[in-house]
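Visitor: Could you walk me through this structure, starting with how you use your words?

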Amino acid sequence: FELGPFLLTFLIPAITMRTFAEEKSSGTIEFLSTKPLRRLDIIGGKYIASLVLVLMAILPTIIYVYSISQLGSPVGNIDIGEIIGSYIGLISLAAAFTALGLFASSITDNQISAFLIGVLLCFVFYWGMDLISSLPIFFAKGDLLIESLGIDAHYRSMSRGLLELKDIIYFICLIGLTLVMTDTALKVS
């Protein structure tokens, strides 16, 4: 679960880089726009498809949980609450990164640019806020505010098995805001 954010920072933008960038460069976005679908339906469909693909990549890791459970002494001697919380945190992280990747793909018509922008956005939202909050210009509670805007603080909280409403609301708001920004970017282009 500690290596997951680093791997997903590169895996998810690679999956989402073609979603809208390829459509725009090949001209099929206009064809798709003429269908009796709302833009939000198209964005939602591409988001869910990308997220399901990412979840399929995470699914085989359950084998590790079973193996560790069986190899423990006594058998089954693992903290299942922490593992479930960690999986919920990893799925939330994957959902947020997928939304960021879709946004990156919607603002450019080049797949490589979409990948690089997606990696940059995922990096900034995960590690960047911690780095910014550690700057000496922030004092009192300013550093905690900046840190709480990043994904890492919420992901760490969930990975300890602690599911708080503020963390769940954070991920829902981040995903919703990013998907609305994707809609706006597609509307403009």
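Guide: By contact I mean heavy atoms within 4.5 Å, and helices (H or I, at least four residues) and strands (E, at least two) are DSSP runs, numbered from the N terminus. This is a predicted model, in which local features need pLDDT of at least 70 and side-chain atom pairs count only at pLDDT 80 or more, while totals for chains, interfaces and linings use all residues. Residues are numbered from 1 along each chain as its sequence is written, and side-chain values use heavy atoms, with hydrogens and water left out.

Visitor: Fine. How many helices and strands does the protein have?

Guide: The protein has 10 helices and zero strands, and its C-alpha atoms fill a box of roughly 60 × 45 × 30 Å, taken along the principal axes. Of its 189 residues, 41% count as buried, where buried means under 20% relative accessible area, exposed over 50%, and partly exposed in between (1.4 Å probe, protein chains only).

Visitor: Is helix α9 mostly covered or uncovered?

Guide: Helix α9, residues 151-159, is mostly covered, with seven of its nine residues buried; these are Ile151, Asp152, His154, Tyr155, Ser157, Met158 and Ser159.

Visitor: And what do those buried residues pack against?

Guide: The buried residues of α9 pack against α1 (4-16), α6 (80-106), α7 (111-133), α8 (142-148) and α10 (165-188). Just after α9, Gly161 takes a positive phi of about 90°.

Visitor: Which residues does Ile151 touch, then?

Guide: Leaving aside neighbours within four places in sequence, Ile151 is in contact with Leu93, Ala96, Phe97, Phe125, Tyr126, Tyr170, Phe171 and Leu174. Ile151 also belongs to the largest nonpolar core, of 38 residues, where Leu8, Tyr47, Leu93, Phe97 and Ile151 touch the most other members. The element that gives the most to this core is α6, with 13 residues. A nonpolar core here is a set of buried Ala, Val, Leu, Ile, Met, Phe, Trp, Tyr and Cys residues joined through side-chain atoms within 4.5 Å.

Visitor: Switching topic: how do α1 and α7 pack?

Guide: They pack at an angle of about 150°, with their axes 8 Å apart, the axes being lines fitted to C-alpha atoms, for helices over the stretch in contact, and the angles running from 0 to 180 degrees between N-to-C directions. The two helices α1 and α7 are therefore roughly antiparallel, since angles under 35 degrees count as roughly parallel, over 145 as roughly antiparallel, 65 to 115 as roughly perpendicular and the rest as oblique.

Visitor: Which residues of α1 and α7 meet there?

Guide: On the α1 side they are Pro5, Phe6, Thr9, Phe10, Pro13 and Ala14, which meet Phe115, Gly118, Val119, Cys122, Phe123, Tyr126 and Trp127 in α7. The residues of this contact divide into 11 nonpolar, two polar and no charged, with Ala, Val, Leu, Ile, Met, Phe, Trp, Tyr, Cys and Pro counted as nonpolar, Asp, Glu, Lys and Arg as charged, and the others, Gly among them, as polar.

Visitor: What about α1 with α4?

Guide: There the angle is about 140°, with the axes 10 Å apart, so α1 and α4 are oblique to each other. The contact is made by Leu8, Leu11, Ile12, Ile15 and Thr16 of α1 and Ser50, Leu53, Val54 and Ala57 of α4.

Visitor: Last one: where is Ser148 found, and what does Ser148 touch?

Guide: Ser148 is found in helix α8 and, at 31% relative accessibility, counts as partly exposed. Not counting residues up to four places away in sequence, Ser148 touches His154 and Tyr170.
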